[in-house]
Amino acid sequence: MSMDLAKNLYAKMPDVFVKARKKFGRGLTLSEKVLVSHADNFDTQTWERGKAMLALRPDRVAMQDATAQMAMLQFMQANKQQAAVPSTIHCDHLIRAEMGSEKDLLRAVDENKEVYNFLASAAKKYGIGFWKPGAGIIHQVVLENYAFPGGLIIGTDSHTPNGGGLGMLAIGVGGADAGEVMAGLPWEVLHPKLIGIRLTGKLSGWASPKDVILYLCGLLTVKGGTNKIVEYFGPGAETISATGKGTICNMGAELGATTSVFPFDQKMVAYLNITDRAELANLAIANKSLLVADPEVYQSPEKYYDQIVEVDLSKLEPHVVGPHTPDLARPISRMAGEAKEKGYPVELKAALIGSCTNSSYEDISRSAHIAQQGLKAGLKAKTPFLVSPGSERIYNTMKRDGFLETFEKLGGTVLSNSCGPCIGQWKRADGVKGKADSIVSSFNRNFPGRNDGINETLSFLASPEIVTAYAISGNLTFDPVNQKIKGADGKEFKFEPPQGEELPAKGFAKGEEGFVAPAASGEGLTVEVPPTSERLQLLQPFPRWDGKDFEKLPLLIKTKGKTTTDHISPAGPWLKFRGHLDKISDNMFLGANNAFSSEPGKGTDVLTGESGLTIAQIARRYKAKGIGSIVVGDENYGEGSSREHAAMSPRFLNVKVVLTKSFARIHETNLKKQGILALTFANPKDYEKIEQQDRISATGLSSLAPGKPVQVTIHKTDGTALTIQANHSITEQQVAWFKAGSALNALN
Ligand code: MIC
Ligand code: SF4
């Protein structure tokens, strides 16, 4: 599998590195090594960080079921016989967590039949590997099977960077990007700047890899990594397991980073060996110098990275982040005080561990050690305690080594190997809409409504071992590191710091493989899309730009504050419509705060004055009248996931322009791909000038060009007008997408 890819790559790397060192006049960082060795054409490209667009040739594409549907529907429009690069589809997001693993899985297979059949038949026809529901969560399966040091993979999921744990650049993209790469085109990305993170010391006691990234989330914020690669190095890096590195890279998505990566080391060798890839490990060892930065980089990193952060792992305390955003971080010792001060409900209503981020053998064995100590003291979980294993391998190994039993004795429920409660696929029995209560998980996301569909829920994130201790205490003010807890006999005791094994001594137990290889030739095979399906709808190309400026567009919504893709296109119950653009568009902006409405997701039809309508209802009314509209947004608009529905639904419902203070990377690209004009205020204060009844024009579009601001005119109801400037990052090629109506139209 990855062996041939790695062999070819390592063989060509030395020559490209010689050229690159010459061109740049210096040694190369690891990120640069991976970028230059995947250049579509190293010689003709410009290599300017933060400015140049790079055209790269990824080694692989990975897609998960919720985003693969649009990716495949778009790929099919390109009329190709086969995917041009090795690709896989993973069925993980659509399984609802309710009754435990077996029953949930059976029901999922039944209720998602149409979608799974579509994906399986498309995979078979186009030469794509298919991982069945229950096989595991995309990022864990990729780490176990496909990731390799020095490689470049793109995935239709924002946590694809998990693969950085094995020393590769693994990057989250929208489905259109994946579709194009599978159609044989190079993949474009803004040349990222580099943040170097130098790790010293060693984690000990309660501190875990999760705490490294939770701490960094607090330090760098959810915008801090935008258009940057986070590259780790230093003596501390070598002390962290490969899966721990995966966790750190996975949650680099929460910094908005393009991706994160660690240099190749012995921990990666150990992980490759235990996941049956000894040959690959040996090949990487023989090529080690290609898979780490040049020595001079590590000697004076400040000369090579745009920003340096130092973290002493020995001093790191366990952290808790949240609610509502992953960058509201504090050491656990300060949680109780802050909860009191801010009035967070301290009784915990649920504790959840696992997910794509934190279900390694190390995580699970350390959490089980805490659970065992609780059981020994006669305690059980005081809250519902849910465990989401990342893959079939992890699940079977947990079972063999007795961890499942421990969790179940504690009162826990083991769910199927899937995303479940992390993506709102969770039937929380006790939650009440309108009532704030607190939950804690070892996942990576905590936006409002994310887990249980209830916007008021305060969701906190911590390491799995801390979450397990929380489950036992049932209280957010409990600090297992420093405080005692009462056992069943009334006597107080203190938890010993968690202990676990990085990798299973007996190797991984295997379960059902869950992998279906594609047909040797797809000729004559059909892709199953039932014409009357409620779940799938073939795509119609979006209309081309008519060559006219956008004049006096009504304001569809001005979002206030955080506007993640979960606000724009909520998941949970809507996940089932991910393959049906018309149906899913009814969810558009349901979670967003409208600056002109007290109720999230609601707004006013400014043409009739009727208020209390959903944003999709309003957009459908405008569309029926042949009128386009504009969306105005705040900072880091579209942060969070890669779901391109957050761009496709607005496009489908006739939004012409999205004008914000700033964008998150994947979403900005997704908007451009779908033919929406993505603009940013030249002066962010102009955001304040936009009022509900304004009509807004964007003009001079026939001369739209890279680096040339767009003129935006705000027409007020009193007849006055003010003109402001909007910037954009549209390239020459992207101008063509805009004019063609979408990137896909430009291709055909
Ligand atoms: C997420 O964690 O938000 C998701 C669900 O995995 C998304 C993808 C999706 O919306 O399908 C992501 O991270 O990109
Ligand atoms: Fe699945 Fe959650 Fe990971 Fe996204 S973050 S891939 S929803 S487990």
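Entry 1: I noted that the model is predicted. The peptide bond joining G322 and P323 is cis, with omega at about 0°.

**Entry 2: a parallel sheet.** I next asked in what order the strands of the open sheet with parallel pairing lie. There are 4 strands, and the order is β10-β9-β8-β11. I recorded β10 (259-261) and β11 (307-312) as the edge strands, since each pairs on one side only. From one strand to the next, the twist averages 20°.

I then looked up how helix α2 (residues 30-37) is placed. Helix α2 packs on this sheet and touches β8, β9 (228-233) and β10. The direction of α2 makes about 125° with that of β9. A further helix, α8 (residues 209-220), lies across β8, β9 and β11 and runs at about 135° to β11.

How many bridges join β8 to β11? I found 6, between strands that run parallel, with β8 covering residues 193-200. As one pair, I wrote down I195 and its bridge partner Q307 in β11.

**Entry 3: two loop residues by α8.** I followed the chain to K202, which is placed in the loop between β8 and α8. Leaving out residues up to four places away in sequence, K202 touches T239, L313 and S314. I also compared K202 with M3: they are 199 residues apart in sequence, and their C-alpha atoms are 32 Å apart in space.

In the loop between α8 and β9 I came to N227. N227 is not a glycine, yet its phi is positive, at about 55°.

**Entry 4: a mixed sheet.** Which strands form the open sheet with mixed pairing? I listed 6 strands in the order β6-β5-β2-β3-β4-β21. The edge strands here are β6 (169-172) and β21 (515-516), each pairing on one side only.

Within this sheet, strand β2 (residues 60-64) pairs with strand β3 (residues 87-90) in the parallel sense over 4 bridges. I found that M63 has I89 as its bridge partner in β3. Helix α6 (residues 138-145) packs on the sheet, where it touches β2, β3, β4 (129-131) and β5 (152-155). The direction of α6 makes about 150° with that of β2.

**Entry 5: antiparallel pairs.** I turned to strand β28 (residues 695-699) and its pairings. With strand β22 (residues 550-558), β28 pairs in the antiparallel sense over 3 bridges. The bridge partner of P554 in β28 is R695. With strand β29 (residues 710-715), β28 also pairs in the antiparallel sense, over 5 bridges. There I noted S697, whose bridge partner in β29 is T713.

**Entry 6: the surroundings of ligand 2.** Lastly, I asked which residues surround ligand 2. I listed H93, H139, D157, H159, S355, C356, C419, C422, I423, N444 and R450. The residues of this shell divide into 4 nonpolar, 5 polar and 2 charged. I also recorded that the space taken by ligand 2 is the largest cavity.

Conventions
Residues are numbered from 1 along each chain as its sequence is written. Chains are lettered from A and ligands numbered from 1 in the order in which they are written. This is a predicted model: local features need pLDDT of at least 70, side-chain atom pairs count only at pLDDT 80 or more; totals for chains, interfaces and linings use all residues. Side-chain values use heavy atoms; hydrogens and water are left out. Two strands pair if DSSP finds at least two bridges between them. Axes are lines fitted to C-alpha atoms, for helices over the stretch in contact, and angles run from 0 to 180 degrees between N-to-C directions. Contact means heavy atoms within 4.5 Å. A residue is near a molecule or strand if one of its heavy atoms lies within 4 Å of it. On a 1 Å grid over the protein atoms alone, a cavity is a set of points where a 1.4 Å probe fits but cannot get out, and a pocket is an open set with protein on both sides within 12 Å along at least five of seven lines; lining residues have an atom within 4 Å of a point. A molecule sits in a cavity or pocket if more than half of its atoms lie within 2 Å of its grid points. Ala, Val, Leu, Ile, Met, Phe, Trp, Tyr, Cys and Pro count as nonpolar, Asp, Glu, Lys and Arg as charged, and the others, Gly among them, as polar.
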